[in-house]
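Take a walk through this structure.

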Amino acid sequence: MISAETIARFPSSPGIYIMKGADSTVLYVGKARDLKKRVRSYFATSGDSRYHIRFLMARVTDIEVIVTDTEKEALILENTLIKKYRPKYNFNLRDDKTYFSLRMDMTEDFPRLTIIRKVTRDGARYFGPYSSASAARAVLKQLYKLFPLRHYPMESCRKRKRPCLFFQLRQCSAPCHGLISREDYTALAEGAGLFLKGKTREIVRIFKERMAAAAATEKYEEAARFRDLIRSITVTVEKQKMVTQGGDSDIIGFYREGERLYLALLFIRGGNLMGSRNYSFRWEMDDSEGIASFLNEYYNQDVFIPAEILLPLPIAEPAPLEELISEKRGKKVCITVPCRGVRLELVKLAGKNAETSAMEKKKALESCESVLKELQERLHLPELPRRIECYDISNIQGRVPVGSKVAFLDGKADKAHYRRYRIKGVSQSDDFAMMREVLSRRFRQEADRDDYPDLIVVDGGIGQLNVLTRVLEELHVEGVAAAGLAKSRVEREMGAAEISRSDERIFLPGRKNPVVLRQNSAPLLLLARIRDEAHRFAITYHKKLRGRELLTSRLEGVPGVGTKRRKELLRHFGSLKKLETATLEELQKVEGITRTVAEAVWEHFHPKGNQE
């Protein structure tokens with residue numbers, strides 16, 4: 001327990017406090033404007049009334065403080081230390097994927113829109129964010145109907161003898177073949193940018209002026225094109241719902257249930273509601289502190305930062321956080337708590353989204369638990385199989401053998417615990433020996449008991465299951481259930497006209513006959529999905545290594561091409577087919593490939609005897 005004398009020695013200045021457990025494990029990293037006052041609040045005489053705070057304090061054996069000159073420096077240091085230690089009681093966004101955005105570089109001769117993940121300060125324009133790549137592609141599909149911008153890089157388009165299909169569909173203006181001037185194309189790009197920003201009135205005004213100017217100079221085809229654009233934009237905008245008077249905002253809503261904090265983030269772009277994202281965290285502190293921590297970590301990523309962030313409740317010392325986010329954006333950012341009007345309604349809407357997300361997660365978890373309980377009963381498992389691992393082997397007659405491990409937690413893929421294994425100790429086609437090597441490496445290299453699954457499934461029948469149980473016994477792995485999932489087989493009796501398939505079978509240790517679950521039942525579908533995912537993961541890795549091996553064999557004997565240059569060629573072109581069809585100029589663009597080496601590679605794939 002931390003003594004009052006220890007707290008009294010803490011400085012009354014801004015900084016960071018690090019709470020540690022008995023084994024010096026970092027439990028929580030926090031910031032404060034007044035370190036002494038903040039830390040003392042955790043150890044008040046009356047004690048904190050919230051159970052989760054009292055539970056955390058009972059585990060704290062030491063507190064370390066780091067003094068900073070300003071609160072903004074404390075925010076930066078807090079974020080750095082959270083990423084370093086990944087404390088149990090802090091937010092953790094390391095596995096969260098960033099959003100998709102649309103990027104357009106107006107410095108190019110003929111700008112085009114591309115879908116990207118990271119927003120960087122490179123002078124280009126960014127639009128979004130969008131919750132998925134499919135959502136971003138849907139926006140692009142609609143946009144190309146209004147503004148026929150190019151779809152592909154100019155280099156690849158110019159290799160074609162005629163414009164692509166998108167030109168015939170009037171969804172590309174074919175700048176690659178000189179069918180539109182640079183000035184007219186720039187006007188289209190500017191219009192697309194304004195449209196994505198929600199400034200449709202300005203687009204219509206500009207296009208009306210250009211339509212009138214074209215008509216005045218008797219350029220009627222150009223005037224008709226602007227007329228059609230204006231009509232299409234007007235029809236599209238009528239289908240959209242304006243929620244504000246314009247501008248970009250992020251709206252935060254929250255919902256608390258027990259020790260979990262649910263956050264909803266709404267994106268307002270150009271006055272339109274563009275999308276949303278939901279988060280769920282285990283959070284042991286105040287709601288306001290949780291929101292502040294989320295903002296600090298979220299906006300420290302490569303994400304779009306709007307001019308305004310609306311919160312459901314005040315946070316302590318918002319000014320330093322506002323300054324830090326403004327500095328990252330390069331422009332002023334306002335963090336406010338609306339009290340009335342449309343902005344307050346948006347915050348309430350975000351709160352409803354957070355609550356709905358919490359209810360959906362709760363129902364999904366309850367549904368998953370019922371499936372896992374049924375699986376536990378049918379397979380007579382000692383524990384509820386919350387964490388399931390599955391292993392598979394992939395090879396072709398022993399060549400380039402690989403193994404895969406996939407992990408599922410509560411019925412969902414836990415990709416952070418996926419692993420790929422390249423078989424090293426088996427030189428012939430022996431799936432049992434390969435499986436033994438993979439399982440042995442898994443439990444020798446990852447010997448942490450807390451990381452063990454509740455159930456291990458191997459793709460195969462009794463043979464693969466025997467390998468699994470033998471490895472578990474040899475390595476003294478206890479408390480882990482084992483099963484083998486055998487695929488259904490094609491069955492056809494002699495003289496029968498119809499072909500039938502047997503049921504999927506589950507083999508268990510110490511049981512002669514397999515367990516046959518009802519076909520298309522939820523437990524069997526879950527196991528089949530996990531098995532198929534392990535197979536997909538293994539096949540993908542096997543194809544990748546096989547491609548490298550094929551490239552290596554095809555490039556053997558080429559003067560000047562060693563291991564390093566083979567890897568660089570594969571990385572640059574991606575496949576042997578693209579390398580074989582590459583021109584001499586394209587080969588010279590590869591890093592580390594001189595003209596002499598490029599000529600040797602080109603001549604290797606284009607022997608003089610085969611040239612016309």
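This is a predicted model: local features need pLDDT of at least 70, side-chain atom pairs count only at pLDDT 80 or more; totals for chains, interfaces and linings use all residues.

Residues are numbered from 1 along each chain as its sequence is written, and side-chain values use heavy atoms, leaving out hydrogens and water.

Start with the helices. Helices are DSSP runs of H or I with at least four residues, numbered from the N terminus. Helix α4 (residues 71-85) packs against helix α12 (residues 318-329) at an angle of about 70°, and their axes lie 8 Å apart. An axis here is a line fitted to C-alpha atoms over the stretch in contact, and angles run from 0 to 180 degrees between N-to-C directions. So α4 is roughly perpendicular to α12 (65 to 115 degrees).

Which residues meet? From α4 come Glu71, Lys72, Leu75 and Ile76; from α12 come Pro320, Leu321, Glu323, Leu324 and Glu327. Contact means heavy atoms within 4.5 Å. By class, the contact of α4 with α12 has five nonpolar, no polar and four charged residues. Ala, Val, Leu, Ile, Met, Phe, Trp, Tyr, Cys and Pro count as nonpolar; Asp, Glu, Lys and Arg count as charged; the others, Gly among them, are polar.

Now the loops. Most residues other than glycine have a negative phi. Arg170 has a positive one, near 60°. Arg170 sits in the loop between α7 (165-168) and α8 (182-196). Its relative accessibility is 72%, so Arg170 counts as exposed (over 50% relative accessible area, with a 1.4 Å probe and protein chains only).

Glu218 also has a positive phi, about 65°. Glu218 lies in the loop between α9 (200-216) and α10 (220-238). With a relative accessible area of 59%, Glu218 is exposed.

Note on methods
Helices (H or I, at least four residues) and strands (E, at least two) are DSSP runs, numbered from the N terminus. Buried means under 20% relative accessible area, exposed over 50%, partly exposed in between (1.4 Å probe, protein chains only). Angles under 35 degrees count as roughly parallel, over 145 as roughly antiparallel, 65 to 115 as roughly perpendicular and the rest as oblique.
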